[in-house]
Amino acid sequence: MTRKISFLLMFGFVLLGAKAQNIEFEEYDLDNGLHVILHQDNGTPIVTVSVLYHVGSKNEPPGRTGFAHFFEHLMFEGSPNIERGEYFEIIQAAGGTLNANTSNDRTFYYQTLPSNQLELGLYMESERMLHAVIDSTGIATQKEVVKEEKRLRVDNQPYGSILEKMLANAYQGTNYEWAPIGSFDDIDAATEADFKDFYETFYVPNNATLSIAGDIDIKETKKLVEAYFGEIKRGTKTIPRPEIKAPKQDSAITATVFDNIQVPAVIQGYRMPPQGTDDYYALQMLTQLLSGGQSSRYQKELVDEKGMALAVQAIPLALEDGGLFINFALPNQGYSTEDLAAEVDKLVEQVKTEKVGEREFQKLKNQIESNFISGYGSVQSIAESLANYHVYFGNAELINTEIERYRKVTREDLMRVAQKYLVPENKVELTYRPMSEKEKPEDTKVKKEGGNR
């Protein structure tokens, strides 16, 4: 099969509106190990072609941090059949959009196109998997792109280092210790051979899920998938799956971070169990209880009634092998971070000692269900969710049934997981202060009362 192509162009596309379950799909494996998931919805003439590679920052060996995120960018450099810099131009000229993202656990590429451009999407993703260009020119170009991204999103973004600082303290000694952005020293020190080895290890069919959703014909799509991906050889290298075991703490870890900010902040992170566990669902519901909307407990008490906070949020960072239950709070004028942290702690203690009322619990369940269903309002979200459920849980059918796991959570479960996980022995607390208050040359002062950092 020749890999050169010529396609008709089509302008524009529209997004799907929210739709109710049940989401039907078919899934199967190619001989090379590529897992394929197909969802047909002919209501709107668009399609999303996506590939999820089961590689994130946790798969990087020490000394090679930032590789997964770097490859998110590098694999847009082209192939022997796609000139450097043309990847975006080709998709956009066909009326499509595209992007990619990297987490601690995975890398996800997608393009949403008019449905008569399905073959184009398959071609582009197969080129990336078959023979992406990994050379010195592309490496040098993307180094500068990634460095600029870090300057914009981390270094010069208020509170931009929260993820780095939280992970470094909560998961020290494991592969969750570093954020996906990684270290520029590691990237700069790597050779072209190091990058090629990483590509040949992780960006292979047997470490990938191809998820296609939208206006397709299942039978014809299967033929196209085989034509474009069937020829790609299975990877032969062992794919590292590091074990993540959070280090033991005897008490809370506290740290002060001086940043280019005007308003101080307090950020609390409690280590969570892996996503998909029963306790994970209860903790997800707790975040909704505490900060899900204008009637949430943090908003009502700390912002509206007491006026102590400009904003307070509970943010669950769900990870495949762990995660963090994060409270982020900005004190109002006249209140200190210590005052606000104490008030946040009081509300956390309240969910440990007082069972949520029936009326509030029913409202909470309604919010969770509404969020769950509305989350599938586009073919892009459906394609991504199907891939996630397969990779993380080994069960794509959860796109239709996971809501039942939330429905099984009881008021007693909320109290139990709060007592188990929202404790000092599981906590990291960062206090962000304006750089003008810095007196010592260190960027971060870390303190822990007992135990190992």
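Two strands count as paired if DSSP finds at least two bridges between them, and helices (H or I, at least four residues) and strands (E, at least two) are DSSP runs numbered from the N terminus. With that in hand, let's walk through this predicted model, in which local features need pLDDT of at least 70, side-chain atom pairs count only at pLDDT 80 or more, and totals for chains, interfaces and linings use all residues. Residues are numbered from 1 along each chain as its sequence is written, and side-chain values use heavy atoms, leaving out hydrogens and water.

**The sheet**

Here 6 strands build an open sheet of mixed pairing, ordered S1-S2-S6-S3-S5-S4. Strand S1 (26-29) and strand S4 (97-102) each have a single partner strand and stand at the edges, so one side of each lacks a neighbour in the sheet. From one strand to the next, the twist averages 15°. S4 pairs with strand S5 (residues 107-114) in the antiparallel sense over 6 bridges, and Ala-100 sits opposite Tyr-109 in S5.

**Helices across the sheet**

Contact means heavy atoms within 4.5 Å. Axes are lines fitted to C-alpha atoms, for helices over the stretch in contact, and angles run from 0 to 180 degrees between N-to-C directions.

| Helix | Lies across | Angle |
|---|---|---|
| H1 (residues 67-74) | S4 and S5 | about 165° to S4 |
| H3 (residues 118-131) | S3 (46-53), S5 and S6 (208-214) | about 155° to S5 |

**The cores**

A nonpolar core is a set of buried (under 20% relative accessible area, 1.4 Å probe, protein chains only) Ala, Val, Leu, Ile, Met, Phe, Trp, Tyr and Cys residues joined through side-chain atoms within 4.5 Å. The largest has 76 residues, of which Phe-71, Leu-210, Ile-212 and Phe-229 touch the most other members. H3 supplies the largest share of this core, 6 residues.

Technical notes:
Buried < 20%, exposed > 50% of the residue type's maximum accessible area, 1.4 Å probe, protein only.
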